[in-house]
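Let's walk through this structure together, one piece at a time. Take a look at it first.

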Amino acid sequence: MTWRPKPNDRFFRFIVRTGLALRRLFRIRVIITGQEHLPQPGPLNSSSRRVTPGTGAVVAITHFGYLDFAFAEMLLWWHNRAQLRYLITQGAADHWFAGPAISAAGHVVVPYGSGSGAYDDAVARLREGEYIAILPEAGVSRSFRVRECKTGAVRMAAEAGVPIIPVSVWGAHRLMTRHHGFSPRRAWRAPVRIHVGGPMLPDALPDPAHDAQAATEKLREVLQAGIDTAIADFPLTPAPGDWWMPADHGGGAPTEAERQRLDEAEGPRRAGGRKRAIKPN
């Protein structure tokens, strides 16, 4: 049995500050728009330095690279010292190195199977004022367009009576993503663009017992609109066919049809939480 420490706010702050230090080391420039859509900073608990309960939200984040989550956490930390609690797969939680960190950071682990316990835990935390972060695409979109989203974000927010905050992250995938490992050269003074979309308020969400697909598609559209906004003023001009640009912008990423074919070829996740890696042609 791998050691799993109890959640610790100090450890969470240590992880965030380590990320901020790495950003300064590589002089990564983070450009943010739409901050007015973030929840207003509330009073902080003087001992834990955490946001006072009662300001919970689901934070839905695009997923084009392996560091998108880190920049979304930085965004909320800068705004009001909020500590994002991510829904993490059991496969990641079982990792010998990442597992203890996931446990100490207090993230919500989705076990193999239905994951109903994790869902109930997330809803309870939302009602207590926590910020629950979800990558609704449930995997990296190798086309660098927002792919079909799972309904969990909409259902959780509706049941807890909290808003969904759409956060679109563009440029972090250049630092590290599928088939493209971390490169200090690419990271040096790299821009990362974040756009926060208008919140989907509880009154606009369906009853959790009803079909959440229409609201989920709306969330996908808002996330993609945020990506389009970020691409439009991204401070790097890509060369024709650059791998990190989507095909409909002249980039070398797979088209949506190719992405769907590659996703289907990988097949469902195995019990260990991994997929069979297939590179695009």
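What covers the buried residues of H8? The cover includes strand S2 (57–61), helix H6 (152–160), strand S6 (164–170) and strand S7 (191–196), where a contact means heavy atoms within 4.5 Å. Helices (H or I, at least four residues) and strands (E, at least two) are DSSP runs, numbered from the N terminus. This is a predicted model, in which local features need pLDDT of at least 70 and side-chain atom pairs count only at pLDDT 80 or more, while totals for chains, interfaces and linings use all residues. Residues are numbered from 1 along each chain as its sequence is written, and side-chain values use heavy atoms, leaving out hydrogens and water.

Stay with H8, residues 213–232. Among the buried residues of H8 are Ala-215, Leu-219, Val-222 and Ile-227; buried means under 20% relative accessible area, exposed over 50%, and partly exposed in between (1.4 Å probe, protein chains only).

Now visit two loops. Ala-138 lies between strand S5 (131–134) and H6, and His-179 between S6 and helix H7 (184–187). Phi is positive in both non-glycine residues: near 55° for Ala-138 and near 70° for His-179. Ala-138 counts as partly exposed because its relative accessibility is 36%; for His-179, the value is 37%, so His-179 is partly exposed.

Finally, consider pLDDT, the predictor's confidence in each residue, from 0 to 100. The chain averages 86, but residues 269–278 stay under 50. Where pLDDT is low, the predicted coordinates should not be read in detail.
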